[in-house]
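Please read them beside the sequence and the structure.

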Amino acid sequence: MDKYPDQKRAVQYLYPPTDPFDQRMVDVGNGHRIYVEQCGNPSGIPVVILHGGPGGGCSPAMRRYFDPQVFRVILFDQRGCGRSRPHASVEHNTTWHLVADIERIRQLLQIEDWIAFGGSWGATLALVYAQSHPDRVRRLVLRGVFLMTQAELDWFYEGGAGKFWPEHWQKFLSLLPENEQNDPIRAYHKRLFSGDYATEILYGRAWSNWENALASVHISGPVGESPGDYARAFARLENHYFLNGGFLEQDGQILAQMDRIAHIPGHIVQGRYDMICPPDSAWKLSEAWPEAELRMVRNAGHALSEPGISAELVRIMDRVAEGVA
């Protein structure tokens, strides 16, 4: 889960645009090649950015949350999305493949340990990666926490969020036969993997539009259509992961395994009015993680580009740069 509308509102808090000093395609096996880039200081503090979705891909704006003189920033498009290939593919594409990809990138770049920075699904992936490789993560910086639980999926796809946005919820359901509207994830799966490209685009856009409409507290009207190829990949990957419970071994796994990373310092930035990933998850995470600092941002929703969230994330990374975080 993750979208970034309205980025101009947050730009005043960000560092100036920067270009990568390294761009490459990395063969991670199973027919997948993932796009990886580095920017900032090649000798700086390493930070790996884990984008949302699944299926959201990285954007140039993500480079700008870090002082380029201090940080070595590594971004990559997860399997099946962005510039990674094959596009929109869900074959050999699970959480555990992504965890292995992160480790492959770390080893390839000869990094001993790094900061994991992620929002929404990226926060999920950062936590799972850290729990799998606790000796390789020196700090976690998370935003818009999503713990990949059934309760969170039920909130967003079983009508909870729809009670606040009934017009968008009805539009989301309207493409489905009435007898399939009680299980939208499974019903959309049937259409997103129909094999008919036009159908997959249609349902991909509808899936993406439902999420986009709730991403920011500053959205008050209709949202623009996502490009067809992007929406199709985003929706297929998200749906694939959600239908399979994020490929975790049990519901609630992340909270159950917090003892593995209890020693790692962390920062959680959460929008008070996040309709996609409600603050309850961030609160539960902070209660289970004594080394974490929780910052609830008032008048903010889910998007990375919410001004208050962008300001808080930059503030945290500046404190890390100064050695006071």
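**Notes on the model**

1. Glu180 and Lys190 form a salt bridge, with their closest N and O atoms 3.3 Å apart. Glu180 sits in the loop between helix 4 (166-173) and helix 5 (184-192), while Lys190 belongs to helix 5, so the pair ties together parts that are 10 residues apart in sequence. A salt bridge here is a side-chain nitrogen of Lys or Arg within 4 Å of a carboxyl oxygen of Asp or Glu. Helices (H or I, at least four residues) and strands (E, at least two) are DSSP runs, numbered from the N terminus. Glu180 counts as buried, at 18% relative accessibility; buried means under 20% relative accessible area, exposed over 50%, and partly exposed in between (1.4 Å probe, protein chains only).

2. On the basis of these notes: this is a predicted model, in which local features need pLDDT of at least 70 and side-chain atom pairs count only at pLDDT 80 or more, while totals for chains, interfaces and linings use all residues. Residues are numbered from 1 along each chain as its sequence is written, and side-chain values use heavy atoms, with hydrogens and water left out.

3. How many salt bridges does a search of the whole structure find? The search finds 18. One of them joins the side chains of Arg319 and Glu293, at 3.4 Å from N to O. Arg319 is in helix 10 (residues 307-322) and Glu293 in strand 8 (residues 292-297), so this pair ties together parts that are 26 residues apart in sequence. Glu293 counts as partly exposed, at 25% relative accessibility.

4. Asp135 forms a salt bridge with Arg136, and the closest N and O atoms are 3.8 Å apart. Asp135 counts as exposed, at 51% relative accessibility. Elsewhere, a network of salt bridges links Glu37, Arg63, Asp77 and Arg83.

5. The strands form an open sheet of 8, in the order 1-2-4-3-5-6-7-8, with mixed pairing. Two strands pair if DSSP finds at least two bridges between them. Which strands stand at the edges? They are strand 1 (22-29) and strand 8; each has a single partner strand, so one side of each is left without a neighbour in the sheet. From one strand to the next, the twist averages 20°. Axes are lines fitted to C-alpha atoms, for helices over the stretch in contact, and angles run from 0 to 180 degrees between N-to-C directions.

6. Within the sheet, strand 3 and strand 5 pair in the parallel sense over 4 bridges. Val47 stands opposite Ile115 in strand 5.

7. Helix 9 (residues 279-287) lies across strand 6 (137-143), strand 7 (266-271) and strand 8, and runs at about 160° to strand 7. Helix 10 lies across strand 3, strand 4, strand 5, strand 6, strand 7 and strand 8, at about 150° to strand 8. Helix 10 also holds Arg319, the partner of Glu293 in strand 8.

8. The count of disulfides comes to 0, a disulfide being a pair of cysteine sulfur atoms within 2.5 Å. Cys58 is in no disulfide, and the nearest cysteine sulfur, that of Cys81, is 7.8 Å away. Cys58 is buried, with a relative accessible area of 16%, and Cys277 is buried at 1%.

9. Some backbone details belong to loops. A cis peptide bond joins Gly53 and Pro54, with omega about 0°, and Pro54 is in the loop between strand 3 (45-50) and strand 4 (71-76). Another cis peptide bond joins Arg85 and Pro86, with omega about 5°; Pro86 is in the loop between strand 4 and helix 1 (95-108).

10. Where is His92 found? His92 is in the loop between strand 4 and helix 1. His92 is not a glycine, yet has a positive phi of about 50°, and is partly exposed, with a relative accessible area of 42%. Gln110, also not a glycine, has a positive phi of about 55°. Gln110 is placed in the loop between helix 1 and strand 5 (114-119) and is exposed, at 73% relative accessible area.

Terms used. Contact = heavy atoms within 4.5 Å.
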